[in-house]
Amino acid sequence: MRIVLLGPPGAGKGTQAVRLAQRLAIPQLSTGDLLRAAAAAGTEIGRKAKEIMQRGDLVPDELMVATVVERISRPDASNGFILDGFPRTIAQAVALDDFLATEALELDCVLELKVDEEVLADRILNRAREAKANGHAIRGDDNQEALKVRMDLYRRQTEPLTEYYRSKGVLKSVDGLRPINIVAASLLEAIDA
Ligand code: ADP
């Protein structure tokens, strides 16, 4: 199964991607997690991405495409993968399709988590408050300013991907406002359908 999870910041992509990956026994690839790990480790990509991420901006397409292609070419992804946070632009989506086509592969489905914008900021700022209260690290981009940039970019660059995938007939949308378990069940149903 080759799956892409789409949805705005705070939609719960990460939570659902981890569950789906376990259930389907395929790796979950979160580009956000990957970049944060690279930034923490101080690798070249991490150094380039760190400030961009803190502002809430998008890391350049070429860098993201190279990172993802390298990752999904590894043996553990030969039976499939769940992409969370990629693609985020039409150019990334086209590059992904082109790469898969060279391997005679394609995406099986693109799952969209639909969520009202009003709840997103609350969810994210709550996540930051809870992390702080529990003594965990707070993401450098979980604050009002970066969030505004992230939401604007989502609307302008990422939301058009739903049309892109709908026109290819692979898009499936699920209501992401319901409890975690119900959303998880709906996603599995959508994949089976
Ligand atoms: P979110 O909760 O906002 O969806 P992520 O953890 O997926 O956050 O991503 C955090 C940040 O990492 C993004 O705001 C962006 O700076 C960078 N990033 C992650 N994936 C991509 C991508 N595919 N293209 C460009 N930048 C990305």
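1. In this note a residue is called buried when its relative accessible area is under 20%, exposed when that area is over 50%, and partly exposed in between, with a 1.4 Å probe and protein chains only. By that scale Lys168, at 47% relative accessibility, counts as partly exposed. The model is a predicted one, in which local features need pLDDT of at least 70 and side-chain atom pairs count only at pLDDT 80 or more, whereas totals for chains, interfaces and linings use all residues. Residues are numbered from 1 along each chain as its sequence is written, and side-chain values use heavy atoms, with hydrogens and water left out.

2. The sheet comes next. Helices (H or I, at least four residues) and strands (E, at least two) are DSSP runs numbered from the N terminus, and two strands are said to pair if DSSP finds at least two bridges between them. Five strands form an open sheet with parallel pairing, in the order S2-S3-S1-S4-S5. Strand S2 (28–30) and S5 stand at the edges with a single partner strand each, so one side of each is left without a neighbour in the sheet. On average, and with direction ignored, neighbouring strands of this sheet are turned by 20 degrees against each other; the axes behind such angles are lines fitted to C-alpha atoms, for helices over the stretch in contact, and angles run from 0 to 180 degrees between N-to-C directions.

3. Strand S4 (residues 109–114) deserves a point of its own. Five of its six residues are buried, so S4 is largely enclosed by the rest of the structure. Strand S1 (residues 2–6) pairs with S4 in the parallel sense over four bridges, and within that pairing Ile3 has Cys109 as its bridge partner in S4, while Leu5 stands opposite Leu111. S4 also pairs in the parallel sense with strand S5 (residues 171–175), over five bridges, and there Leu111 has Lys172 as its bridge partner.

4. Which strands does helix H1 (residues 13–24) lie across? Helix H1 lies across S1, S2, strand S3 (81–84) and S4, and runs at about 175 degrees to S3. Helix H9 (residues 180–192) also packs on the sheet, where it touches S1, S4 and S5, and its direction makes about 160 degrees with that of S5. Contact here means heavy atoms within 4.5 Å. Ser186, which has its place in helix H9, counts as buried at 14% relative accessibility, and, leaving aside neighbours within four places in sequence, Ser186 is in contact with Val174 and Arg178.

5. Helix H6 (residues 117–133) can be read face by face. H6 has 17 residues and reaches 25 Å from its first C-alpha to its last, close to the 24 Å expected at 1.5 Å a residue, where the expected span is 1.5 Å times one less than the number of residues. Its buried residues are Leu120, Ile124, Leu125, Ala128 and Ala131. Seen down the axis of H6, these buried residues fall within an arc of 120 degrees, so they line one face of the helix; the arc is that of the directions from the helix axis to the C-beta atoms. An α-helix has 3.6 residues a turn, so residues three or four places apart point the same way. The buried residues of H6 pack against helix H7 (144–158), whereas the face turned away from the buried side carries the exposed residues Glu118, Arg129, Glu130 and Ala133.

6. Just after H6, Gly135 takes a positive phi of about 75 degrees.

7. Finally, the charged pairs. A salt bridge is taken as a side-chain nitrogen of Lys or Arg within 4 Å of a carboxyl oxygen of Asp or Glu, and by this rule the count comes to 17 salt bridges. In one of them Asp97 is paired with Lys168, the closest N and O atoms being 3.6 Å apart. Asp97 lies in helix H5 (residues 90–102) and Lys168 in the loop between helix H8 (160–167) and S5, so the pair ties together parts that are 71 residues apart in sequence.

8. Asp142, buried at 7% relative accessibility, forms salt bridges with Arg139, at 3.9 Å between the closest N and O atoms, and with Arg150, at 3.0 Å between the closest N and O atoms. Arg139 counts as partly exposed at 26% relative accessibility, whereas Arg150 is buried, with a relative accessible area of 11%. Salt bridges that share partners join Arg127, Arg139, Asp141, Asp142 and Arg150 into one network.
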